[in-house]
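Subject: Structure for your review

Dear colleague,

Please find the structure below, followed by an account of what was found in it.

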Amino acid sequence: MEEKRSNSAGGVGGMVLFALIGFVGALVVGWVIFPKLLYSEKTQPIRFSHTVHAQLGIDCEQCHHLGPDGRFAGLPTTESCAECHGEETGDNSPNGKEIDKFVKDYVKTGAQVPWLVYQYQPDNVFFSHAAHKGFECTKCHPDVAKTDTPPTYYQNRVSGYSKDTMKMWECERCHASMGTSNACYVCHK
Amino acid sequence: MSGHSKEFPITWGMVIDIDKCTGCGACMASCQTENNIEPQPEASNKLRSTSWMLVYELTNDKAFPDHDIAFLPRPCQQCGNPPCVSVCPVVATDKNEDGGIVSQVYPRCIGCRYCVAACPYHVRYFGWYDPVWPEGMEKTLSPLTSVRPRGVVEKCSFCHHRWNLAKDAARASGKNPDNLDDGAYVTACVQNCPSGALSFGDLKNPKHKVHELIKNPNAFRLLQRLGTNTQVYYISRREWVRKLGDNYLKSE
Amino acid sequence: MEKTWYPEGVERCGLGKFMGWLGIWAVVGLLGVLSMLWVFYRGIGVTGLDNYFGFGLWITFDLAVIALGAGAFFTGLIRYIIGLDELKNIINLTVIKGFLCYSGAMLILSLDVGQPLRAWFGYWHPNVHSMLTEVIFCITCYLLVLIIEYVPLILEQKQLNKIPFLHNLAHQMHVVMPLFAGIGAFLSTFHQGSLGGMYGVMFARPYAFREGFFIWPWTFFLFVLSAIASGPCLTVLICGFMEKLSGRKLTTYRIKSLMAKIGGTMLLIYTVFKYLDTWAWINGVLPKAGLTFDQMFYGLVYGKWLFFTEIVLCLLVPVVFLLTPLRKKPAFMYSGAFLACVGVVINRYVFTVQALAQPVLPFTKWEIYTPNWAEWLTSFMVIAYGFIVMSLSYRYLPIFPQEVGLNKK
Amino acid sequence: MGLDRRAFLGLVAGGAVGTMFTPIPWKLLDDVSIWTQNWSWIPRVPKGQIDYVTTTSKLCPAGEGLKIMRVAGNPISAAGNPDHPLSRGGVSALARSEVYMLYSPARVKSPMKKSGKGFEPITWEQAMLEMADKLGAAKGAVACVSGDGTGTVNELLSAFVGKLGAAGYFMMPSEAATAAKAVKLMGGKGQAGYDFENADTVLVLGADIFETWGTSTRNRKAFGDSRPVGQKPKSDYIYVGPTRNNTAAVCDQWIPAATADLGVVALGIAWHLLRAGATSAAPGFDTFKAVVNGGFGPEDVKRATGIAPEVLAGVAKALASAKAPLVVTGSPCGQGLGAAPVIAGMSLNLLLGRVNKPGGVYALPELATVVPGAMTREAMLAGDLPAFLKGVADGKTPAPKALLVYDANPAYGLPETATMAKALEKIPYKVSFSSFLDETAAMCDLVLPNSLTLERYDDLATPYGSGFCVYSLTVPYQKPVHDTRTTGDVILTLARKMSVDLKFDNFLQVLKEKVATLAKASGGFVAKDVMPWQVAAGKPAPALAGGDLWKALTSGYAWTMVGQVQATLGFAPEVLAKAIKAGKAPEKAVVLAPYAQLRTGTPTTGIPCQDLTTVPDTELIGESTFVRLNSATAKALGVKKGATVKLTAGGASCEAKVHIFESVMTGVVSAPLGFGHSAFDVFSKGKGANYLSLLSVVEEPGTGLSTWAAADVKIA
């Protein structure tokens, strides 16, 4: 034992040094590597360009609107997209190809596009868009209107949620500041 | 300790006319699908099956031909002073909302079942297993109630998601979501009861008919002497039925 | 080789025999582990619990084990705080017993909770009004205290103690032990009480409900008293059992007798309050709820015999056995201690199960609860775990300071 | 610089401490708990816009209009349609099942052909070819059993079978058939309709009007309306029957009487009414009076039924003094009652002058048929299936060469189940159109699954019990979940293949023609703001708006008509004299009095999985069903609560557990129907016993009708 000690980097001092290395190493792993490992990256099934549509003068509400019962219709259905994109264009530009992909894979098959929604709340949350009508959409949603390529979707490998899913404390903070009730059943179902 | 009742400006309540209940089970069947409770092959075993709404058969305990029966549908009584809320270690159940509905938040619940033990009405159910639907039937799940994993406690919520819907509808049509018309928000059991035995509304709103009904001399509540101060009222013209709503000493 | 690990100057049975003994318990433990894994995999549905009996054998087991494990904090309190130095000869045993009881209880609790991965919500989202929150706080903290108390014992193992660092650590830990004994006593008193409080606050369950003092129902105090009465009794029983098993004297009869006397004294105090409480329950709580004493009992499993066994056979009788000269006779001392322990188990059982079985709604009926294999096997697993750890501790750790002296040939 | 133990310890300790200052433990702790609310094996709920569409229940015999909630176009749940006169927002547990039953594990997922003991899936084309071949060979001896009492598909089936050469067209036994027979024997015409909405005193003889009898949901709505919550009831309901069943539980009075004595009780009441001066111009009154006075005096009735004279006098008084009394007769178990008790009950309506009056009984006209060669409902109801099958089993009647089974499960849902199964075995070629793999389908050579309510066009015309003519449509809102087809279409395709002319190309055309015929009928209107009972009570009927009746009907509204066929109803005293005798109550063993409830489904649906929850533990536990008897009966039999007993009758036996229930007459054992399936799925199969099998078919004297509503049983 005595011999070993003399071989080492100098007793307690070495221990402290290594402790420091361990400490810093852990910080690096925890703050830099871990977050990268925690999320998987996903891209949208169709590279939908909001800018193109916005430039055509299409209002957000034309596709994302409240239903008559005050419930949010969410994303447009394949059928409503097909009102404009019913047929393949044969256009060889990147946008044209993407449209043709959409027509071929979804319009022709009648399937709905499995869009990845950055903000979806879990099933146990009841979110009313009607109750939040007064706010700008971008208060909570990423401002996709200015994106040509939809942002990457980060999925938490453990919880399965989108990285952008609003956490409860964020909802609560705003409710508190607005004087709105934070009772459980205001949001949970 | 027994604590005290909070007051809420809106107090949703149910009035159940026992004399009109035929015990058919439409309320229970309505509840099961409204609230995404899985079909249970051993559902008649009441000790293990989940039924937020449960119809009890009451008898006057006399022999034929003096025997009489009545059916008592039992949703969560939404106590004003809930025995279950104060015991929850993690605030998974609470009574803190306008409307006075005792909430149960599944993602918070740790499944200790202390609330199950505390509730004398047996309205609280535990998820003994993960819920399973026959293949494809999950397509008929209601979007308005979340599916619970195993290991958490669940109970009748007065279909509070329907309240949220009604508030949304009121907002969409420019009405006041905090002053709903009578009938704008009713639970699934109330809606579907063919006999009209169940009424629902804001007990404090004079425009709602339950406001008057609870003042009926034949109205009573379950286990009132325990101080639970429930928001579910029962009505029966039969004295023996009313007497079964609580425990009484021989001298009383 | 293995012998060099024994504490200084003691004899132990052969290794083969010891391994055989451990093997038996390992089999029991293994069965328990398998059923535990099954419970984690499938859910609590595999038990005999149901919507009427959300609490059953597991909770009864936890409460009983925690009450009986109370010997640790109470003995520690008397030894370190009050300063009854004699108890140093048995304190180690009580610490290990306490550790086993609490860690075992935690194990069972993690099974009993429907969503064990969320158990930490008790800290992060606590409901300060819930007695259970207090229990969660205190039990986990107290388990830490017990670990801190147990660690120096391990470090005192002959071979480990040769390492200067560990030797010093053990020494330092011993120095601060009174502090931990104090913290332990505080925590333990509180959660013993809160466990009782858990039942006492159920105001819609007349079987369990009790009026009380400030925020604490009477059951709070009764549970504390019954725990500190039965805890020392179990220590005595364990010590006696170990002596019987090993054929060696581990402490003097005087120490055991002292422990039994402490237990008996507490039992007497408990008895007085329990009788007062029962009287108040029969004449206060029950009539207020519109119920009678007779309505609290049903059939054989929920019969009055349980009630009388608990409050006569397991209170009055052991008080006499433990506090009169009868205690001098081992038969009386041990049977007194045993009855006291049985009494506390019955008490925890009826508060857990009978309180739930008793139909409060007039149109419901008594339901019977039968624990099934999943609950039994996991409970036995904890017992097996206790036997194994206790056996190892006895074999390799210097638990009993008097052992060497008492067994000189 | 080597990594010795100390350094290693330092590294680990530093790392551990450092980790505590990173998100790793805390984020993972949080994410793991979030994971527990997001387990991949727990189904997600659907997302999308919610909307509501309307249709009509075909699974539930009460015929409720339904309001279907959909999410993103997919049906989610069924509720009552407030605009439909047979629902008014109410729904039975069975009708509530319409959506999830789409995914019932018991569904037949494609056409199937018998292969050995099991089935093998085949294509529709193969199935059609085979069937055309087999039916072609069976020409002249093709029989059909239908369980759909209200659908126009019966017209297609009967015309098809008729043109192939019918060996018989039979409806599954129902209250409707019994009532039709009674009306016929009384010289009347049309379907008896009961105007509960306008009645103020209702005497119910046996009929479980709030469960299985007729338009039970509508009946309950009417009952509920006459009893505003918290107020004095505006109606008086009296129930006569062997048990205080769900109907009797809410009635103001229950008069215990054995099922076999219902006719005696009716005539006993008639005696009191006659004494009080009741009279009638209806044919046969004098003879009727003589029959009643001759054998149904208070003492006779008391001797036969045990009912005290003052009880019946009280009932007679209540009826006579009421503004709008109504007498309803039916079987406590929804089937098997003779026509004579119905005639006896109807004669009370005659005595009280309640025929074709608001709040009374209407003789409702049948809606015109549209398929050439189709049978009328009256003609279909005349068939006596149990008698026919019994004849086949005994070899007295030649077995048909082929049998088509539509919406029916005769292998389970008939009395003397063993005999009926034997008869079915004798039929060489059987085809079932069942949506579910029921007991009968399991015996068939070919199963051609019908699409379910939400997957098909269909219709509902005046279910028995309705107080008015009513017609509503079933509209598909879901692509067939499995490879199923609407049977109406299948029959039309088959007919074309076999060169049988049925005029139509597809079933939708048939329905459109039916609706077009209705649009032409006078007096009909779409029930929206004005309901038919209001019209009966005097409110003017609105005109049939616009003429686009199809559109109104596909929007969930019902076409209704208040009217009656002109035919004089007589007392049929000679039938009563033969069939009803107030003898001395024989010293019987014990009488089995079954009861049925919608929550256990119908023989064709099995127990809907979610409705199993509504079954109490005093009816079913594990694999045992309970029979109910009162403590006096139990004592006499020496059986105890919870004991397992064997019920034996007519050569068959069933097991049961004993439930002591004091609201059963002494000497009666009450048993639930709807259990004891040997087919369907885990929610039905093997649950309890089918007590129908204990009931023997007996021919009713004077009417010749098969009856089986009660049977003597041995219990041990």
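**Helix packing in chain C**

Helix α10 (residues 253-288) of chain C packs against helix α13 (residues 330-357) of chain C at an angle of about 40°, and their axes are 11 Å apart. α10(C) is therefore oblique to α13(C). The model is a predicted one, in which local features need pLDDT of at least 70 and side-chain atom pairs count only at pLDDT 80 or more, while totals for chains, interfaces and linings use all residues. Residues are numbered from 1 along each chain as its sequence is written, and chains are lettered from A and ligands numbered from 1 in the order in which they are written.

Some terms need stating. Helices (H or I, at least four residues) and strands (E, at least two) are DSSP runs, numbered from the N terminus. Axes are lines fitted to C-alpha atoms, for helices over the stretch in contact, with angles running from 0 to 180 degrees between N-to-C directions. Angles under 35 degrees count as roughly parallel, over 145 as roughly antiparallel, 65 to 115 as roughly perpendicular and the rest as oblique.

α10(C) passes α13(C) in a left-handed crossing (the near helix is turned anticlockwise from the far one by less than a right angle; clockwise would be right-handed). On α10(C) the contact is made by S257(C), A260(C), G263(C), G264(C) and L267(C), and on α13(C) by M333(C), G336(C), A337(C) and A340(C); residues are in contact if their C-beta atoms, placed from the backbone, lie within 7 Å. By class, this contact has five nonpolar, four polar and no charged residues (Ala, Val, Leu, Ile, Met, Phe, Trp, Tyr, Cys and Pro count as nonpolar, Asp, Glu, Lys and Arg as charged, and the others, Gly among them, as polar).

In another pair, the axes of helix α4 (residues 88-112) of chain C and helix α6 (residues 131-155) of chain C come within 9 Å and cross at roughly 140°. These two helices are therefore oblique to each other, and α4(C) passes α6(C) in a left-handed crossing. Residues making the contact include F99(C) and Y102(C) of α4(C) and L143(C) and L146(C) of α6(C). The contact of α4(C) with α6(C) has twelve nonpolar, three polar and one charged residues.

**Contacts between chains**

Of the five pairs of chains in contact, chains B and D share the most contacts. Their contact takes 69 residues from chain D and 64 residues from chain B. On chain D, the elements that each supply at least two residues include β3 (74-80), α7 (216-225) and α24 (631-637). The side of chain D that touches chain B has 35 nonpolar, 21 polar and 13 charged residues.

Chain D also meets chain A, in a contact of 32 residues from chain D and 33 residues from chain A. α1(D) gives the most to the side of chain D that touches chain A, with twelve residues. That side has 16 nonpolar, eleven polar and five charged residues. Chain A and chain C, by contrast, do not touch, and their nearest C-alpha atoms are 11 Å apart.

**Domains of chain A**

The domain assignment of chain A gives domain 1 (1-42) and domain 2 (60-72 + 115-189), with bounds that come from an automatic or database domain assignment. The C-alpha centres of the two domains lie 40 Å apart. Five residues of domain 1 of chain A and nine residues of domain 2 of chain A form their contact. Strand β1 (residues 39-42) of chain A provides the largest share of the domain 1 side, four residues.

Yours sincerely

Note on methods:
Contact = placed C-beta atoms within 7 Å.
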